[in-house]
Amino acid sequence: MSIGPAWYLALAAVLFALGGIGVLVRRNVLVMFMCIELMLNAANLSFVTFSRVLGDIGGQSLVFFVLVVAAAEVVVGLGIVVAIFRRRANTTADDLHEMRG
Amino acid sequence: MSLTGPAATLLAATVPDVITFVLCAIVVLSGAVGVITSRHAVHAALSLVGTLFGVAVLFIEQHAYFLAAVQVIVYAGAIVVLFLFVIMFLGVDRRENIATEPLKGQRPLALLFVAFSLAGVLALAAAANWVTGAHKVAGSTGAGHHTDTFLLGKSIFTTYLWAFEITAGLLVIAVVGAVVLARRPSRAHDAPEPLVASSAGRDVGGPGAPAASDAPKVTAGTGAGPGAGAATTGRGSPTPTGKVHEPSGVGP
Amino acid sequence: MLHAVFLVPLFPLVGFVVLLAVGRRLGEPVAGRIGTASVAGSFVAACVTLAGLAGRPSGSQVLTCSDSCGAGASAAGAAGTAASGHSFFTWITVGGLHVKVAILLDPLSMTMVMFVTGVSMLIHLYSIGYMKGDRDFTKFFVYMNAFVFSMLVLVLADNLLVTFVGWEGVGLCSYWLVSFWFFRDTAASAGKKAFIYNRIGDVGFLLAMFLIFSKTGTLTYLSVFAHRNHLVGGGAVVAAVLLLFLAATGKSAQIPLFNWLPDAMEGPTPVSALIHAATMVTAGVYLMCRVNPLLSLTPDARWVIAAIGGVTAFVAATIACAQQDIKRGLAFSTVSQIGYMVLAVGTGSYVAAIFLMVTHAFYKGLLFLGAGSVIHGLDDEQDMKRMGGLRRFMPWTYVTFLCAWLAIAAVPPFSGFWAKGDVLTNVYARTLPLYALGLLTAFFTAYYMSRIFFLTFTGRERWREPAPDGRPPHRTPHEAPWVMRAPLVVLAFFSVFAGAVNLPWVHVGTLDEWLRPVFGHRLFVAGLSTGGQVALAVADAVVAVAALYVAWRLWRRTTDRPALEPMFLQRVWYWDNFYDLVIGRPGQAFARACAVVVDARVIDGAVNGIGTLVRSTARGIRRVQTGYVRNYLLGIAFGLAAILAFMLSRTW
């Protein structure tokens with residue numbers, strides 16, 4: 001008998017929160033990306049939990065797709081990071097602030 | 001109010017399950033904390049790997065074996081590796097100064113909003129008895145002794161076929177896009193990177209201006225020569241890769 | 001025969017349109033002839049209409065449009081309105097207001113039409129000679145024809161609104177004609193002054209129309225008179241009458257709106273003769289006579305009217321004693337004489353007022369035309385101190401002017417004597433103080449008129465000498481050409497003999513009898529004994545002759561008597577200064593305040609303020625966009641928190 005879904009969901013929520021704090025606080029672009037990955041993982045975890053509890057394979061399918069899209073996103077995102085920050089001294093997100101009002 | 005519910009299930013569960021869960025939770029959370037507090041990017045990546053493994057184990061715990069495997073292979077095996085590649089590429093020994101926060105009010109507000117959101121989510125979920133929803137909408141798990149892989153495959157290739165094909169296309173686009181984006185400018189009179197054209201061309205002065213970057217843009221070489229070259233040398237960017245096709249007049 | 005009445009206003013309208021279209025090409029003198037011919041045609045049509053109207057029995061001499069206009073028309077007080085079923089067109093039908101453009105033809109309007117068209121015709125003829133050589137010759141006749149048309153519309157209208165149209169029309173033409181030589185600043189200002197004073201009076205007309213319509217539901221004269229009892233109560237009838245009288249003071253130059261008339265002498269002399277002596281200024285008196293059924297309802301308003309008339313007559317007469325410009329003197333004389341007419345109206349003796357109006361048209365028109373002849377002969381000299389001894393050089397002018405002079409001075413047996421005597425007799429029977437004022441004014445009238453005559457035609461020939469301020473002497477004055485002399489002669493004839501229409505001892509075929517269908521029992525009958533009447537007549541004659549003698553002794557030889565020409569009188573009792581101080585300056589200050597404060601600061605400030613507000617708001621809001629991605633992420637986190645808060649609030 002497994003433990004109830006509440007624990008998994010709570011864990012996912014905390015993981016999501018940690019990822020959120022990381023995105024907002026860290027300045028290194030790559031670390032911000034990693035924190036976004038944390039948030040995605042939290043979502044995946046909760047999807048799988050729901051899939052188990054409701055007996056629905058759709059949850060797992062969604063995790064599958066999230067995984068794929070996350071991969072694609074990382075690829076493109078890192079490509080952009082590389083393109084911007086090639087040969088720069090620092091790679092903080094704060095360096096791109098020209099578009100201000 | 002419904003904490004008795006979760007507490008009851010915890011007490012009613014078997015011991016291995018509980019131990020597994022607790023250990024994995026520790027691993028996941030410490031990995032997350034590691035990601036957000038590491039000063040070194042590589043440390044952060046490694047912490048991320050820990051988290052991913054923990055999540056994979058939790059997947060196994062929830063009978064999603066295929067996904068656990070895919071999680072390890074794709075996430076930990078490909079994405080994190082990609083991260084590490086880029087970290088190496090851009091400078092592995094950079095340390096970020098986490099102590100200071102240049103933007104005013106960012107940290108307190110971030111903590112506030114995220115904490116509030118967490119509390120809100122937990123409260124809402126608790127009020128809704130954690131899981132509500134229709135059962136077996138897209139096909140049940142473990143029905144008729146099929147493995148989850150079988151069911152997952154069937155679901156993807158029949159119910160969600162359209163989405164599958166689109167994501168395949170997405171992957172192709174992403175690869176092509178990444179190749180184009182990350183391409184190094186080849187010759188002197190090629191079109192410069194569009195993203196930095198405006199900012200770099202202008203601030204050739206002041207060494208103190210943080211945004212004035214020595215652009216990889218190389219215009220009709222000699223024309224921008226002295227000015228751009230001065231900035232370039234001034235910066236002295238320690239890029240390990242920028243040796244080929246430097247603007248003329250710049251030392252190695 | 002009566003249908004000719006439609007031609008009466010039509011001829012001047014056609015003349016106006018033709019001259020407007022092709023007048024400039026026709027040039028002088030053809031344009032002048034066309035203008036004169038159109039008014040002459042109008043006069044002929046008026047004569048034909050008169051024959052037709054006079055032929056009808058006196059009971060059915062009030063003619064108006066068909067029964068369809070106003071249910072009260074058939075029940076009108078005047079005995080038997082014959083339905084001649086004529087209206088030009090229906091102008092307004094809105095709610096309860098039905099206004100037809102139609103003609104009311106009765107003895108009163110017939111009288112007005114006759115002397116308006118007759119005198120206009122003579123003055124048009126005169127103008128051909130007077131305006132000869134003027135560069136705007138054609139424009140003059142365009143305006144004159146337009147004026148005659150407007151005046152006829154005013155007189156012939158059968159409801160207040162169409163009268164008002166004519167009222168405004170004559171005001172407009174007066175403006176055009178007074179500022180005819182607009183390149184002179186004084187003329188342009190005079191035109192504006194005339195129009196603005198008239199406009200102030202018109203406010204009274206409009207308010208009276210509103211009041212009358214709101215109480216009686218109609219604007220047609222006969223219907224209003226039939227329903228005039230609705231006006232009684234709450235002071236409405238007094239208000240309506242006094243508002244109409246305000247309009248009349250504006251148009252007829254009485255206190256408090258008379259200052260424009262002397263300044264209006266800037267216009268050419270035929271204009272002064274036609275508009276400011278014979279026709280437009282009598283429109284106010286005509287209006288009062290026309291609404292006499294309303295006047296009969298309010299004795300209070302009538303006292304006010306009479307008092308204003310009497311006071312105006314006196315004040316203007318005193319001012320005229322000190323004027324040096326011949327036309328200004330005649331202008332004040334006009335104000336004074338119309339004061340007499342208003343006094344007569346106020347005492348209820350409408351026939352006397354009309355009688356004086358008719359004779360005044362003749363002799364005042366003649367006086368102006370004669371003055372114009374003098375001015376023309378002396379090359380535009382208007383200062384009487386530089387005239388003198390013109391009797392030898394301008395005999396025709398001299399003789400005709402003499403006739404007019406004796407008429408206005410009320411020397412028997414000229415027409416003015418009978419007319420003024422009629423007025424004074426009625427005033428005596430009503431109120432003694434105003435009679436005394438009237439008699440005193442008659443003395444002054446004879447005095448100043450004689451002064452004008454002697455200064456102009458007798459004495460030393462001062463035009464031979466250079467002026468004290470250096471103006472050169474004039475060449476020998478010449479008599480006017482025949483186009484100018486002929487009207488003088490005709491008018492002189494009428495000045496002498498026009499009194500015959502209403503001699504006091506004749507009771508058949510007089511003006512009194514002719515106008516009875518209009519005024520009927522509302523007329524105040526003096527009811528004095530024959531002895532009383534003779535005594536009053538003798539008093540009038542004595543006063544006139546005495547004044548003549550005084551003037552003869554004072555002014556025949558000498559021209560320099562500053563003691564008799566005090567500045568107070570020359571400056572119109574400082575009336576203009578008073579208006580400037582009380583109304584002009586505050587008005588300008590108010591306008592300046594509006595321009596500087598209200599317009600520049602408040603309104604512009606508000607408009608600019610909105611712009612500034614938008615800018616500053618935008619500046620404030622712009623600060624959200626810092627350019628830092630992490631701030632934007634914070635925004636996303638905030639949004640998430642907000643949504644969750646909302647959902648939480650919904651749950652609990």
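Start with the largest nonpolar core, which has 211 residues, and in which Leu244(C), Val285(C) and Ala353(C) touch the most other members. A nonpolar core here is a set of buried Ala, Val, Leu, Ile, Met, Phe, Trp, Tyr and Cys residues joined through C-beta atoms within 7 Å. Buried means that 20 or more other C-beta atoms lie within 10 Å of the residue's own; 12 or fewer is exposed, in between is partly exposed, and C-beta atoms are placed from the backbone. The biggest contribution to this core is from helix α15 of chain C, residues 350-377, with 18 residues.

Before going on: this is a predicted model, where local features need pLDDT of at least 70 and side-chain atom pairs count only at pLDDT 80 or more, while totals for chains, interfaces and linings use all residues. Residues are numbered from 1 along each chain as its sequence is written, and chains are lettered from A and ligands numbered from 1 in the order in which they are written.

What is Val285(C) in contact with, leaving aside neighbours within four places in sequence? The partners are Ala248(C), Ser252(C), Ile338(C), Met341(C), Val342(C), Val345(C), Ala353(C) and Met357(C), contact being C-beta atoms, placed from the backbone, within 7 Å.

Now chain C as a whole. Of its 652 residues, 52% are buried. It has 24 helices and four strands, taken as DSSP runs numbered from the N terminus (helices H or I, at least four residues; strands E, at least two). Among its contacts with a separation of 6 or more, 80% join residues 24 or more positions apart.

Next, the helix pair. In chain C, the axes of α2 (residues 30-55) and α4 (residues 137-156) come within 9 Å and cross at roughly 10 degrees. Axes are lines fitted to C-alpha atoms, for helices over the stretch in contact, with angles from 0 to 180 degrees between N-to-C directions. α2(C) and α4(C) are therefore roughly parallel, the label for angles under 35 degrees; over 145 is roughly antiparallel, 65 to 115 roughly perpendicular and the rest oblique.

Last, chains A and B. 74 residues of chain A are in contact with 92 residues of chain B. On the chain A side, α3(A) gives the most, with 23 residues.

Note on methods:
Contact = placed C-beta atoms within 7 Å.
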